[in-house]
Amino acid sequence: MNNPRTFLLVALFALSYLIYSQWQLDYNPELAVSVEEVAPQAANGDSSIPTASSADIPQAGSVPAPIRTDVPGETTEPGTQMQPVTVTTDLLRVQIDPRGGNVISADLLAYPEQPNEPERVRLFDHDPSRYFVAQSGLVSTDSPAPNHQAPFEVASHDYVLADGQDRVEVPLTWSDPSGVRVSKVFVFERGSYVIEQRQQVDNQSVTKWTGNAYRQLQRVPLILDSSGIKGYTNTSRYSFMGAAWYSQEEKFQKLPFDDFKSEPLKRTVSGGWIALLQHYFFAAWIPPAEEADQFTSGEVEVGGQTRYLVRSASPALEIAPGSTNAFTARLYVGPKLQSTLDDLAPGLAKTADYGIFTVISEPLHWLLAQFHKLTGNWGFAIILLVILIKAVFFKLSEAQYRSMAKMRKMQPRVAALKERYGDDRAKMNQAMLELYKKEKINPLGGCLPMLVQIPVFLGLYWVLLESVELRQAPFILWIHNLTAPDPYYVLPVLNAATMLATQWLTPMTGMDPMQAKMMKFMPVIFSVLFAFFPAGLVLYWTVNGALGLLQQWIITRRIEAGSKTTVPATTK
């Protein structure tokens, strides 16, 4: 196999991959929902804080029952919504609903929806069409306990992390005539996307209090279509969206929304977490590491709308009369920052999901991060990554280009063989094999380096697709976003020019006329493909091709120069 055939193989592979991705988009029911299908719900519904269904309240017990889906009715009368509590830190702007003490809105202040726009990414949202909330509560079989629908009292409706302040506490209180008092406290810290939660039970009744704490995430899938939704890029459609959890035994596991009904989650887990993932961002409940929680999942129907829910329920806790005890947990709401997530909980960095390319993508991301520390620019980091990869495969590429240069030198002799054997392809192929053997040319030498590059190429594709660190990252001049296509198609054109120059140095030995015609169109085909690829990926491939072209040109000149100097000696 020579280099032109390798280009054809790469093009076929890339086209097949893109066709498969588009097929997933067109026929995946979770992603095929259009804006028009949900617009009536948003228009007819109330954009204020929605009431919840009793279907998503767990039953109490030592091991709480699975999520109920048979009670679709609303339990709170319309018009009883309460003014939310707003908390603003250096990284988050959060709204907490006093009814239940649920986190119903979260803006990530460091992440704009679009470059140079004031609106920020909103992860939690109580809008019915983008419903995504974090809920928590207590349940008990024989003691008073506030679930995530119970009304709490608040001391203030506005909290701000002031300059010089490192943390702010937001208390909500609930009390029962029996003497049971519950404080649900949220703690926000500077520079952190983690919200610590404490549900403290003060039992001043005459009997012991027994109950469980639960924490759950509930959402509808994001609506993505070809027209685009503000704040969501077209690449979001290829990213995993669904539930994930971690346990010490099973490690990182995913549950797509399609599998909630057929493969529901039900595990008893210590030292784990549950999460709902989307492109670049996620939310997760992290129970105490020593606590054996019951992880469950389910679907809940509310007003004709399907919501997906994952829950972590604690073991039962007994509190004697006159005593106080607390259930604690942490809520993460923010970006998939791989460098810090594993410090919060084991396996949390796996939420940046690279799929089957994880074994390649994770080291590439680490290398890019190190180069970014040196350059301060992700584009230059990609260029340094290319140089490193070319250095690693230098000898392999050198063997490839030597083989190609020798084949180029053999073209006059191959042409003579074609003239001698005419249409007898069997004899022609046999003669060419003997010629290659005599001249010590490996016709397969052009394949291996290119085939090695394919996994690296796809691994980097997923790094650019999934790594929030590169989201909206600028390069230089006209490239303001490495994760979006080149707006002026300069890089695809440069890549086409590199391919044309490479073709000029590449021998067409043994290629039939149809393959030769296809080769002429390869730069055009790749330019069209790369016009839709992230600019960072095209930058990688263009720099890689340019360095390969330089190496090939030097080796070809050396071999051709060596051939000229030995010609007089061989003709004597």
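This is a tour of a predicted model, going from a sheet to its core, then to single residues and a helix.

**Stop 1: the sheet**

Select the strands β6, β8, β9, β10, β20, β16, β15, β12 and β13. In that order, these 9 strands make up an open sheet with antiparallel pairing. Which strands stand at the edges? They are β6 (153-154) and β13 (251-256), and each has a single partner strand, so one side of each has no neighbour in the sheet.

Now go through some of the pairs.

- Select β10 (residues 194-203) together with β20 (residues 323-335). The two run antiparallel and are joined by 10 bridges. Arg198 can be found opposite Thr328 in β20.
- Move to β12 (residues 242-247), which is joined to β15 by 5 bridges and runs antiparallel to β15. Ala243 has Leu276 in β15 as its bridge partner.

While the strands are on screen, look at the side chains: in a regular strand they alternate between the two faces of the sheet.

**Stop 2: the nonpolar cores**

Select Ile96, Phe124, Val170, Phe188, Leu217 and Trp273. These residues touch the most other members of the largest nonpolar core, which has 74 residues.

Next, centre the view on Phe124. Setting aside neighbours within four places in sequence, its contacts include Val103, Ile104, Phe132, Val133, Leu217, Ala283, Leu331 and Val333. Ser105 is also among the residues in contact with Phe124.

Another core, of 39 residues, lies apart from the largest one.

**Stop 3: Asn203**

Return to β10 and select Asn203, which lies in that strand. Is Asn203 buried or exposed? Its relative accessible area is 0%, so Asn203 is buried.

Two polar contacts can be checked here. The side chain of Asn203 contacts the side chain of Ser205 at 2.5 Å. A polar atom of the Asn203 side chain also lies 3.4 Å from the backbone oxygen of Ala320. Beyond four places in sequence, Asn203 touches residues including Gly179, Val180, Lys208, Trp209, Ile319, Pro321 and Ser323.

**Stop 4**

Most residues other than glycine have a negative phi.

Select Tyr280, in the loop between β15 (273-277) and β16. Its phi is positive, about 75 degrees. Tyr280 has a relative accessible area of 5%, so this residue is buried.

Then select Tyr489, in the loop between α9 (448-466) and α10 (490-505). Its phi is about 60 degrees, again positive. Tyr489 counts as partly exposed because its relative accessibility is 47%.

**Stop 5: helix α5**

Finish with α5 (residues 378-392), a helix of 15 residues. From its first C-alpha to its last, α5 reaches 21 Å, close to the 21 Å expected at 1.5 Å a residue.

Which residues of α5 are buried? They are Trp378, Gly379, Ala381, Ile382, Leu385, Val386, Ile389 and Lys390. At the start of the helix, select Asn377 and Gly379: a side-chain oxygen of Asn377 comes to within 2.7 Å of the backbone nitrogen of Gly379.

Note on methods: Residues are numbered from 1 along each chain as its sequence is written. This is a predicted model: local features need pLDDT of at least 70, side-chain atom pairs count only at pLDDT 80 or more; totals for chains, interfaces and linings use all residues. Side-chain values use heavy atoms; hydrogens and water are left out. A nonpolar core is a set of buried Ala, Val, Leu, Ile, Met, Phe, Trp, Tyr and Cys residues joined through side-chain atoms within 4.5 Å. Buried means under 20% relative accessible area, exposed over 50%, partly exposed in between (1.4 Å probe, protein chains only). Contact means heavy atoms within 4.5 Å. Helices (H or I, at least four residues) and strands (E, at least two) are DSSP runs, numbered from the N terminus. A polar contact is a pair of N or O atoms within 3.5 Å; within protein, one must be able to donate a hydrogen and the other to accept it, and residues adjacent in sequence count only if both atoms are side-chain atoms. Two strands pair if DSSP finds at least two bridges between them. The expected span of a helix is 1.5 Å times one less than its number of residues.
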